Amino acid sequence: MNQVKRRVGLIGLFVGLSCLFAKAQITPPGLGEMHTASWAALGVKQKLNAKGNLTSTTYVGEGAISTPKDYNPFERASIYVLNEEIAHQFSKNWKYSGALSYRWQNEYKSSSPFEKDNPSGRQEIRLYARYSYLTGQNRTRFSFTYRPELRFFFNPDFSPNENRFQFRSRLGAKVSFALNEAQTQKLIVSSEFLLALNKSNEDWQKLKYNDTRFCLYYSVAVPKSKIVLDIGYMNDLIAKSPTTDVHYLAVDLIFKNPFSKAKPSR
C-alpha cells in the first residue's frame with residue numbers, strides 16, 4: 001500500500017506507433033517477464049557551457065513489478081538506478097553522449113509466494129554512448145539514435161555473476177509534437193529495437209534479438225520554476241515463444257539548470 005501511495009498520479013497510456021528513446025524523458029529500464037511494472041525517477045539536467053550545447057543529466061530511479069499471478073505494478077520492489085550522462089550537440093542535426101550507470105536489481109523465486117532469492121540481487125555497471133540525428137520544423141521534431149552498451153554483472157558481494165558481460169545495441173527513433181504555441185506541452189511517441197551479445201562463465205552466446213519497446217509520453221514544462229514533468233506508458237515486447245507483453249506505467253520529474261545563476265534585472 002505504501003508503494004501505491006508513493007506513486008499515486010501515474011497514468012497509463014497505450015500506443016501502437018513506433019519511434020525511439022525520448023531523451024527529455026527518463027524511460028523505464030526493462031525489468032524482465034511479468035504482467036505489469038512501474039517506474040519513477042528524479043533528475044537534474046544542467047548546462048555545462050555558455051552555448052548550452054554541452055549538458056549533464058543525472059537521475060535516480062526506482063522500479064517495481066507485479067507477481068506472475070497478479071497485475072499490480074507496485075507489488076514488488078525491482079530495481080534502483082543511479083545514472084550520469086554527458087551530451088554534446090556539436091551541430092544543428094547531430095548529437096552524441098557518454099554515460100555511466102549503476103543498478104541494483106532484486107531477484108525473485110518463480111514459484112509462489114514469489115519471495116526474494118537468498119542471496120537476492122544482481123548488481124550492474126553499465127557504460128553506454130549515444131549517437132543521434134535530429135531534425136524537424138515548427139512544432140514537430142524527430143530523432144534517430146544508435147546506442148551501444150557495455151553491461152557488467154555482479155553478485156551482491158561483487159563477485160562475478162553467472163552472466164558476466166553483455167554487449168547490447170539499441171536502435172530507434174522518436175517524434176515529438178508540441179501541443180501549444182509556447183511548446184511547454186508535448187506528446188512524444190517512441191520505440192527502440194534491442195540486440196544483445198552475452199558472455200557467461202562458459203562461453204559467448206550468439207548475437208540475438210532481445211525485445212522492442214514502445215512508449216507514449218505527455219510532457220509539461222513549467223518555465224519559471226525550471227521543472228519538467230513527464231507521465232507515460234511503455235509496452236515491452238520480449239522475444240519469447242510466445243512473445244511476452246509487459247505494460248509499464250512511468251513518471252519522472254526533471255529540474256533544468258538549477259545551478260545556473262539568474263541574470264540581473266535591468
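R170 counts as buried, because its relative accessibility is 4% (buried is under 20% relative accessible area, exposed over 50%, partly exposed in between, with a 1.4 Å probe and protein chains only). The model is predicted, with local features requiring pLDDT of at least 70 and side-chain atom pairs pLDDT 80 or more, while totals for chains, interfaces and linings use all residues. Residues are numbered from 1 along each chain as its sequence is written, and side-chain values use heavy atoms, without hydrogens and water.

R170 forms a salt bridge with E149, with 2.9 Å between the closest N and O atoms (a salt bridge is a side-chain nitrogen of Lys or Arg within 4 Å of a carboxyl oxygen of Asp or Glu). This pair links distant parts of the chain: R170 is in strand β7 and E149 in strand β6, 21 residues apart. E149 is buried because its relative accessible area is 0%. E149 also meets R168 in a salt bridge, at 2.8 Å from N to O. R168 is in strand β7, 19 residues from E149 in strand β6, and both R168 and E149 are buried.

## The salt-bridge network

The structure holds 11 salt bridges. A network of salt bridges links E124, R126, R147, E149, R151, R168, R170 and E192.

Another salt bridge joins the side chains of R139 and E181, at 2.6 Å from N to O. R139 lies in the loop between β5 and β6, and E181 in the loop between β7 and β8, so the pair links distant parts of the chain, 42 residues apart. R139 is partly exposed, with a relative accessible area of 34%, whereas E181 is exposed at 65%.

Strands β6 and β7 (residues 160-178) run antiparallel and are joined by 14 bridges (two strands pair if DSSP finds at least two bridges between them). P148 has S169 in β7 as its bridge partner. The hairpin of β6 and β7 has 5 residues between the strands, and F158 there takes a positive phi near 70°.

Strand β7 is also antiparallel to strand β8 (residues 185-200), with 15 bridges between them. Here Q166 has N198 in β8 as its bridge partner. The β7-β8 hairpin has 6 residues between its strands, and Q183 in the turn has a positive phi of about 60°. In a regular strand, side chains alternate between the two faces of the sheet.

## Nonpolar core

The largest nonpolar core has 22 residues, and L31 and W39 have the most contacts inside it (a nonpolar core is a set of buried Ala, Val, Leu, Ile, Met, Phe, Trp, Tyr and Cys residues joined through side-chain atoms within 4.5 Å). Two or more residues of this core come from each of β1 (36-47), β2 (54-65), β3 (76-88), β9 (208-222), β10 (227-238) and β11 (244-256). The largest share, 4 residues, is that of β11.

Not counting residues up to four places away in sequence, L31 touches A37, S38, G63, A64, I65, S78, I79, Q105 and Y248 (contact means heavy atoms within 4.5 Å).

## Nonpolar surface patch

F90, W94, Y96, Y131, Y133, F142, F144, Y146, L171, F193 and Y209 make a nonpolar surface patch of about 1,000 Å². Patches are made of residues with over 30% relative accessible area and no salt bridge; like charges are joined within 9 Å, and nonpolar side chains (Val, Leu, Ile, Met, Phe, Trp, Tyr) within 5 Å. Accessible areas come from the Shrake-Rupley method with a 1.4 Å probe, and for residues only the protein chains shown count as cover.

At least two patch residues are supplied by each of β4 (94-105), β5 (122-137) and β6 (140-154). The largest share, 3 residues, comes from β6.

## Whole chain

The protein chain has 1 helix and 11 strands, in the order α-β-β-β-β-β-β-β-β-β-β-β along the sequence. Helices (H or I, at least four residues) and strands (E, at least two) are DSSP runs, numbered from the N terminus.

Of the 266 residues in the protein chain, 44% are buried. The chain exposes about 14,500 Å², with 58% supplied by carbon and sulfur atoms. Among contacts between residues at least 6 apart in sequence, 55% join residues at least 24 apart.
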